[in-house]
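Me: I would like to learn how to read salt bridges in a protein model. Please take me through one, step by step.

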Amino acid sequence: MTDELHLNSYDNTPVFTIKTVVQEIGIPPATLRAWERRYGVLSPGRSEGGYRLYSERDIAILRWLKRQVDAGVSISRAAALLGIRHPGGEAETAPLSARTELPDGARSPSALSDDLLNALMAFDEAHAHALLGEAFAIYPVEQVAEEILTPSLVEMGERWHRGEATVVQEHFATATLRRRLSVMFHAYDQPAAGPLAITGSAPTEWHDVGILLVSLALRRNGWRVIYLGQNVPTDQLLQEIRRLHPDLVCLSATTREGAMSLTQVYAEVAALPAPRPRLVFGGRAFNLAPDLRDRFTGAYVSASARDLIAALKQPPQFR
């Protein structure tokens, strides 16, 4: 990716102020500072008065990063593809919610989540995509998923159940977020090796944004992921489980009917000879109904993709 930028053809003399750069690139100052600090892709100088100065090379890098983010790639993935890290960049970044301060001028995840929900309710696709671009430019992917996307989706679903949102609004919101997440999922190459996961929605289930979030988290953490999407037929799923011998099978259900449709999968996977795949069920149906979690003993891990990833790093082994 660096070769495509031809970075050696740009002047590396720091002469441009941050005001000039943000006007040229079209990103907020808070975003520029976050990219600089967290990913180490810039090497600004300083003026005699101590102000940051950027070079033509820095501007070219920022313009390229913004194109990737606008296309749906997370900033962390874009920075990794760029392959540049200066000493000032942070090798590992704790979630911003765990820090004492947000980047200067950055909006909180809760504020972005509220604005995103309002944009989706209003069918304002352009504003929704702008908000998603802002979120992914500032916060890590997992934090965007857990603190911005998930609350927006949950509240949209609750409004629909209360009769405060229409089916059309809910479908628009789901489709908009699905498109963005799908681009991000496919931006991460399938690992050549590593544990294999099969993911998808339960039979009769047409809501798949939650399991797509899980699939993205798994792939970002080194899993080979076969994502099957919506309404996965039981018989064919079981056939592929027996053929592919995955380490993990992760299925979601938003309705009780969808959850109950997983009974056959649960029974037949449990009956497979060892080493059998680890089976994980999740989604709104399981989050809200303890009796479903009890019915499928051991299959429910958490309501959070981030917590699921943490749990999968712990015993028992999958194979």
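Reply: Start with the fold. The chain has 16 helices and seven strands. Helices (H or I, at least four residues) and strands (E, at least two) are DSSP runs, numbered from the N terminus. The model is predicted: local features need pLDDT of at least 70, side-chain atom pairs count only at pLDDT 80 or more, and totals for chains, interfaces and linings use all residues. Residues are numbered from 1 along each chain as its sequence is written, and side-chain values use heavy atoms, with hydrogens and water left out.

Me: How many salt bridges does the structure hold?

Reply: The general idea comes first. Side chains of opposite charge can pair when their charged atoms come close. The cut-off here is a side-chain nitrogen of Lys or Arg within 4 Å of a carboxyl oxygen of Asp or Glu. By that rule the structure holds 14 salt bridges.

Me: What distance separates the closest N and O atoms of Arg 52 and Glu 36?

Reply: They are 2.8 Å apart, and the two residues form a salt bridge. Arg 52 sits in strand β3 (residues 52–54) and Glu 36 in helix α3 (residues 29–39), so this pair ties together parts 16 residues apart in sequence.

Me: Which parts of the chain does the pair of Arg 306 and Glu 147 tie together?

Reply: Their side chains meet in a salt bridge at 3.8 Å, N to O. Arg 306 belongs to helix α16 (residues 305–312) and Glu 147 to helix α8 (residues 141–161), so the pair joins parts 159 residues apart in sequence. Arg 306 is partly exposed, with 31% relative accessibility.

Me: Where do Asp 208 and Arg 178 lie?

Reply: These side chains also meet in a salt bridge, 2.8 Å from N to O. Asp 208 is in the loop between β4 (196–201) and α10 (209–220), while Arg 178 is in helix α9 (residues 167–187), 30 residues apart. Asp 208 is buried at 4% relative accessible area. Arg 178 is partly exposed at 24%.

Me: Which residues are linked in a network of salt bridges?

Reply: Glu 155, Arg 159, Arg 162 and Glu 164 are.

Me: What share of the chain is buried?

Reply: Buried residues make up 46% of its 319 residues.

Methods: Buried < 20%, exposed > 50% of the residue type's maximum accessible area, 1.4 Å probe, protein only.
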